[in-house]
Amino acid sequence: MDLDVFVSAHRAEWDRLDALLRRQRRLNGAEADELVALYQRTATHLSLIQSSAPDPQLTGRLSQLVARARSAVTGTRRASWRDVTHFLGHSFPAAVYRARHWWVPTALLSTVVAILLGWWIGTHPAVQSSIAAPSQLRQLTRPGGEYETYYSSHPAAAFSAQVWTNNAQAAAMCLVLGVFLGLPVLWILFENMLNLGVGIGLMSSAGRLDTFLGLILPHGLLELTAVFVAAGTGMRLGWTLIDPGPRSRRTALAEEGRAAVGMAIGLALVLFVSGAIEGFVTPSSLPTWARIGIGVVAEGTFLSYVYVLGGRAVRAGETGDVEASERSSTVPTAA
């Protein structure tokens with residue numbers, strides 16, 4: 001291709017397209033049709049130049065022109081309440097439901113690990129002494145000690161906000177770090193289970209396990225479920241790198257990554273609820289059965305939401321990914 005001749009032949013079309021895009025007034029029907037035709041031709045010109053005679057300056061100009069024209073032709077999409085309701089009613093529960101084969105085993109195994117750690121710590125005084133001095137352990141576990149006053153040590157609203165922020169960060173880290181083959185996620189999970197196991201072990205050794213469970217269960221059921229969902233999804237994302245299935249690795253990672261980002265937003269809302277329970281219900285004067293009952297209702301509501309709405313959305317074809325119109329174009333690949 002003679003680039004100079006090509007530019008001379010089509011420069012007028014490019015300039016005309018640029019002029020139409022700069023119009024401040026609304027285009028009439030003929031001008032709109034002309035804009036679409038010039039956009040299509042300019043996109044073809046750009047493809048020809050990139051494949052036959054790439055010139056950085058000309059390619060850059062035409063790329064910007066084509067991008068502006070595409071925006072004018074397709075229009076800019078604004079978020080609406082429909083997007084919010086679709087996300088909460090379809091995309092988010094579907095994404096959680098699709099990942100259930102990862103986060104349910106993660107939840108079961110993690111719970112077993114926490115219980116075993118708690119039993120080991122609670123039945124081995126030497127392990128307890130390695131955690132803290134006997135006087136410090138008594139301060140932690142005695143009636144009115146630090147395990148009990150922790151939940152009422154700050155104003156409820158500020159405490160809820162702090163807990164929500166910390167838990168949302170932990171969930172986001174599980175989702176994002178899953179891309180590193182899931183290994184950092186295992187460490188985050190172990191740290192959480194170790195903290196829980198230490199509390200179980202120390203309070204059970206002091207004969208106050210019922211008190212500890214009465215404090216941890218109201219908010220912990222929903223909070224830990226959100227963490228398990230994030231961890232399971234993160235490990236699923238890491239496994240996608242190893243085994244993308246019939247999709248290309250790039251396509252699979254993009255699809256699962258977009259779904260994971262959406263889950264981070266949804267789980268932040270779930271953790272907001274658990275943070276509110278931890279700030280206002282856990283340290284309240286309600287009877288233990290009432291506080292635990294609130295936690296059980298919150299947990300049951302979330303699981304029903306995932307399995308009912310999520311299952312229905314998945315059967316209807318929802319994957320948790322963004323809508324097809326909002327995805328980048330992909331090149332077809334052979335099966």
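## Burial and surface

In this predicted model, 38% of the 335 residues of the protein count as buried.

The protein carries 27 positive and 24 negative charges, whose mean positions lie 3 Å apart.

## Fold and overall dimensions

The secondary structure consists of 13 helices and zero strands. Read from the N terminus, the order of elements is accordingly α-α-α-α-α-α-α-α-α-α-α-α-α.

The radius of gyration of the protein is 28 Å, whereas a compact globule of 335 residues would have a value near 20 Å. The C-alpha trace spans about 90 × 40 × 40 Å along its principal axes.

Among contacts in the protein with a separation of 6 or more, 76% are between residues 24 or more positions apart.

Val270 is located in helix α12, which covers residues 249–281. Its relative accessibility is 9%, and because buried means under 20%, Val270 counts as buried.

Leaving aside residues up to four places away in sequence, Val270 touches Phe92, Leu222, Ala226 and Phe302.

Key
Residues are numbered from 1 along each chain as its sequence is written. This is a predicted model: local features need pLDDT of at least 70, side-chain atom pairs count only at pLDDT 80 or more; totals for chains, interfaces and linings use all residues. Side-chain values use heavy atoms; hydrogens and water are left out. Helices (H or I, at least four residues) and strands (E, at least two) are DSSP runs, numbered from the N terminus. The radius of gyration is taken over C-alpha atoms; the globule rule is 2.2 Å times the number of residues to the power 0.38. Buried means under 20% relative accessible area, exposed over 50%, partly exposed in between (1.4 Å probe, protein chains only). Contact means heavy atoms within 4.5 Å. Lys and Arg count as positive and Asp and Glu as negative; His and the chain ends are not counted. The place of a charge is taken as NZ of Lys, CZ of Arg, CG of Asp or CD of Glu.
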